[in-house]
Amino acid sequence: MKILRTVLNLSLFSLILFTLACQKESESVVSIALHPKNADILYVATNDAVYKSRDGGGTWEKFPSFSARRVTTLAIDPLLPAAIYAGTMGDAVYKSPDGGQHWLPHNVGLKEHVSFINQFVFHPAASEQVYAATTVGAFYTKDAGREWVERMNGMKEVHIVTSIAINPKEPAVLYGGTTGGVYRSDDGAGTWKKINNGLIPETELMAAMALGVNALEIDRTNPDVVYAGTTKGLFRTGNKGEQWERIGQSISDPYISSLVLHPKEPAQLYIGGPAGIWKTSDGGKTWQAMNHGLATLNIRALAMDPQNVHTLYAGTNGSGLYRSTDAGTTWTAVPLKAAPTRNP
C-alpha cells in the first residue's frame with residue numbers, strides 16, 4: 001500500500017504540473033533556457049518537442065525525439081554553454097555536449113523509478129557539479145552527469161523535491177523546495193534542515209503535497225534574502241529561511257509557477273502563474289499585472305536575458321512563447337510552429 005500511495009502521489013503531482021489549463025501540446029511551453037553570453041541562442045521545451053533558435057527566436061530548429069517521454073526542464077551549463085541538460089518525465093536525464101546536435105542518457109546512479117526531473121542547478125564556480133530536483137529526492141553529480149548520488153539526508157518527511165537554489169557567494173548553502181515546504185543545507189547538500197517557520201504550520205505537513213514550493217530565487221546582492229513561489233502564495237525570508245513572511249497577497253491567484261529576480265536590483269521581482277505575470281519594483285510591497293499582449297495568462301516558465309535585463313521570455317500553457325523587450329510592459333508572440341526538423 002505504501003508503494004501504491006507513493007505512485008499515486010507522483011502521478012497526481014505530474015498531472016498538476018502538466019495540465020493547468022493546458023490546450024494544444026505544441027502550444028504549452030514548459031521550460032526556457034537562455035545562453036549565458038549569446039542572446040541569440042535559446043532553447044525551449046514544449047510538451048512534445050525541444051526547439052533551438054540561433055537568431056533570438058526568428059527561426060527555430062526542432063530536434064528529433066531523444067526521449068520516449070516529455071522533456072520537463074532544460075538547463076545550459078553556464079561555463080560550458082554547448083552542454084545542455086534535459087530532464088524528462090520518465091527517462092530521467094539526457095545531455096547534449098554540442099548544443100543539441102546529439103543527446104545521450106546520463107542516468108548512472110539515478111534510481112530506476114525517478115519519474116520526473118523538475119530542475120537542474122549548477123555550482124557557480126564548478127559547473128561540472130550539478131544538483132537535480134526530482135520526484136524521488138535531490139541528486140548530485142560531481143562529474144557533469146556521468147554519475148549521480150542521492151542527497152536526501154534530513155529530508156525525512158518528503159521525497160518530492162520541486163526546486164533547488166544555490167547561494168552564489170557561498171555555494172555550500174542550498175535550498176530545497178519540496179511538497180512539504182523548504183529545506184536548507186549548509187554543507188553542499190550533505191545534510192538538510194527543515195526551515196518552515198512562517199511558511200506552513202507543522203500540523204499541516206502531513207497532508208499530501210501540503211505546500212508545493214515550485215520556485216526559489218536568492219538575492220545575489222544579499223544571499224540571506226530568499227523568495228519562495230509556492231502553490232499557496234509568495235514568501236520571503238531575510239535570514240536564510242529561519243523565518244518566512246507572506247508577501248504579494250494582492251495577486252489574484254496564489255499559485256506561483258515561476259520567479260525571476262533582477263540580478264542587480266533585487267527590489268524588482270517577476271512572478272508567473274495562472275493569473276499571468278506580475279511585477280514588483282519595491283520588494284513586494286506593491287504589484288502590477290504585466291500581461292499586455294499575452295493571449296493566455298497561464299504562465300509555466302519565465303526567463304530573463306542575462307545580457308539584457310529588459311528582455312524576458314514567458315512560456316504559456318496554451319499560446320506558446322512570448323518575449324518582452326521593455327521589462328515586461330508589453331509582450332509579443334514568438335512562434336515555434338515553423339521550425340524545421342533536424343536530421344539525426
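Beyond its neighbours within four places in sequence, Glu27 is in contact with Thr316, Asn317, Gly318, Ser319, Gly320 and Lys337 in this predicted model. The loop that holds Glu27 lies between α1 and β1 (29-34). Glu27 counts as buried because its relative accessible area is 15%, below the cut-off of 20%.

**Confidence of the model**

- The mean pLDDT of the protein chain is 89, and 88% of the residues score at least 70.
- Among the elements of the chain, strand β27 (residues 321-324) has the highest mean pLDDT, at 98, whereas helix α1 (residues 2-19) has the lowest, at 42.
- Over residues 1-25 the pLDDT stays under 50; for this stretch the model has 41 contacts beyond four places in sequence.

**The chain as a whole**

- One helix and 28 strands are found in the protein chain.
- The chain has 344 residues, and 56% of them count as buried.
- Its accessible surface comes to about 14,600 Å², and carbon and sulfur atoms contribute 52% of that area.
- Of the contacts with a separation of 6 or more, 46% are made by residues 24 or more positions apart.

**The sheet from β13 to β16**

- Strands of a sheet pair through backbone hydrogen bonds, in either a parallel or an antiparallel sense.
- An open sheet is formed by four strands in the order β13-β14-β15-β16, with antiparallel pairing.
- The edges of this sheet are β13 (161-166) and β16 (193-194), each of which pairs on one side only.
- Five bridges link β13 to strand β14 (residues 174-178) in the antiparallel sense.
- Ile166 stands opposite Leu174, a residue of β14.

**Strand β21 and its partner**

- Strand β21 (residues 258-261) is covered on both faces: Ser258 and Val260 are buried on one side, and Leu259 and Leu261 are buried on the other.
- β21 runs antiparallel to strand β22 (residues 269-273), and four bridges join the two.
- Leu261, one of the buried residues of β21, stands opposite Leu269 in β22.

How values were computed
Residues numbered from 1 in each chain as written. Predicted model: local features only at pLDDT ≥ 70, side-chain atom pairs only at ≥ 80, totals over all residues. Heavy atoms only, no water. Pairing = 2+ DSSP bridges. Buried < 20%, exposed > 50% of the residue type's maximum accessible area, 1.4 Å probe, protein only. Contact = heavy atoms within 4.5 Å. Areas by Shrake-Rupley, 256 points an atom, 1.4 Å probe, with all protein chains shown as cover. pLDDT = per-residue confidence, 0-100.
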